[in-house]
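Dear colleague,

I am passing on the structure we spoke about, and I would be glad if you could look it over with the notes that follow it.

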Amino acid sequence: MKIYLNGKLVEKQDAKISVFDHGLLYGDGVFEGIRSYNCLVFKLKEHIDRLYSSAQAIVLKIPMSKDGMIKAIVTTLKANKLRDAYIRVVVTRGEGDLGLDPRKCKNPTVFIITDKIVLYPEELYRNGLSIVTVPTQRNLPEALSPQIKSLNYLNNILAKIEAINFNAEEALMLNQNGLVAECTGDNVFMVKGDCLITPPTSIGALAGITRQTALDLSSKLKLKAQEKLITRYDLFNADEVFLTGTAAEIIPVVSIDRRVIGNGKPGKATLNLIKEFHKVTKTEGVRYAL
Ligand code: PMP
């Protein structure tokens with residue numbers, strides 16, 4: 001496997017970075033998770049824009065242009081001969097000393113990993129996920145904006161650990177006011193009547209790119225898209241619930257905190273949305289040739 005590391009393609013075993021890299025020492029860096037489907041990189045521009053916006057928010061200058069980054073991603077995909085891939089782009093503050101001071105880090109580290117995609121097991125898409133609300137609240141957006149896709153995922157990891165301890169696959173995270181925010185790596189949606197509802201990002205959720213795709217597809221499904229505050233009560237009484245994310249795509253949720261959602265099976269709107277989503281991933285994206 002070839003890894004892009006600071007301008008070069010290197011073998012996986014040679015893709016090493018310093019223990020003084022602030023990405024490792026402090027989680028000081030940003031990343032993106034992107035997918036390609038049959039040689040089409042899905043929503044590449046949106047992911048690149050989000051990466052550069054995250055970097056801008058932490059005063060990290062990515063040492064290449066957006067076009068240069070796109071070329072590097074395509075080069076890495078080609079080097080690994082991947083038609084369908086999960087792409088991880090990471091930019092760290094770079095090597096510094098043991099203090100926090102980012103001025104000591106002269107050169108950001110850039111690496112790109114392209115790998116085969118590992119999905120949730122197929123049966124979870126057919127039967128739906130069971131999730132639980134966890135005690136760890138989503139980071140206060142006023143303290144650390146969830147729009148910054150930073151390398152510090154401890155908030156989400158703690159929530160994931162709590163879900164696993166309750167034998168659940170995924171954690172529902174609330175914000176400081178007890179409102180539904182998102183899951184550990186996915187946005188959350190509910191269907192009620194003819195409305196497709198997701199919380200506004202301002203309550204402390206990432207502006208997911210799959211989330212936006214789902215909102216964009218709502219009219220095709222004759223659903224009214226709404227960004228609205230949601231409580232656990234609302235989710236328990238929804239007709240359907242599902243999660244969205246680049247890796248998970250769109251995955252139905254059939255139980256939350258042992259409350260069965262709807263009829264306990266993935267709902268019609270969710271299944272239709274999954275179909276429409278797959279149509280888009282087959283036709284849209286930045287094409288590359290192997
Ligand atoms: N929320 C969080 C916290 C995430 O890490 C992710 C995945 N990166 C998402 C939501 C989903 O975002 P996207 O659809 O852009 O992958």
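**Salt bridges, sheet and domain contact**

By the rule applied here, the count of salt bridges comes to 16. Please keep in mind throughout that this is a predicted model.

One of these salt bridges joins the side chains of Glu32 and Arg50, with 2.8 Å from N to O. Another salt bridge is formed by Glu249 with Arg35, where the closest N and O atoms are 3.4 Å apart.

**The sheet and its helices**

The strands S2-S1-S6-S5-S3-S4-S16, in that order, make up an open sheet of seven strands with antiparallel pairing. At its edges are strand S2 (8-11) and strand S16 (286-287), each of which pairs on one side only. Strand S16 is joined in the antiparallel sense to strand S4 (residues 40-41) over two bridges, and within this pairing Val41 stands opposite Val286.

Helix H3 (residues 66-79), for its part, lies across strand S1 (2-5), S2, S3, S4, S5 and strand S6 (109-115), and runs at about 40° to S6.

**The two domains**

The domain assignment of the protein gives domain 1 as residues 2-115 and domain 2 as residues 122-280. Their centres, taken over C-alpha atoms, are separated by 27 Å, and the contact takes 22 residues from domain 1 and 17 residues from domain 2. Between them the two domains bury about 1,600 Å², of which 66% lies on carbon and sulfur atoms. On the side of domain 1, the residues that lose the most area to domain 2 are Phe31, Phe42 and Arg50, which together account for 37% of what that side buries.

As for the polar part of this interface, the rule finds one salt bridge across it, together with eight residue pairs in polar contact, both residues of each pair being at pLDDT 80 or more. Helix H1 (22-26), S3, H2 and S5 each supply at least two residues of the side of domain 1 that touches domain 2, and the largest share of that side, eight residues, comes from S3.

**A hairpin**

Finally, strand S8 (residues 170-174) and strand S9 (residues 180-183) run antiparallel and are joined by three bridges, with Leu172 standing opposite Cys183 in S9. The hairpin of S8 and S9 has five residues between the strands, and in it Gly178 takes a positive phi near 80°.

With kind regards

Technical notes. Residues numbered from 1 in each chain as written. Predicted model: local features only at pLDDT ≥ 70, side-chain atom pairs only at ≥ 80, totals over all residues. Heavy atoms only, no water. Pairing = 2+ DSSP bridges. Helix = DSSP H or I, 4+ residues; strand = E, 2+ residues; numbered from the N terminus. Contact = heavy atoms within 4.5 Å. Axes fitted to C-alpha atoms, helices over the stretch in contact; angles between N-to-C directions. Domains from an automatic or database assignment. Buried area = accessible area lost by both parts, 1.4 Å probe. Salt bridge = Lys/Arg side-chain N within 4 Å of Asp/Glu carboxyl O. Polar contact = N/O pair within 3.5 Å; in protein donor to acceptor, adjacent residues only side chain to side chain.
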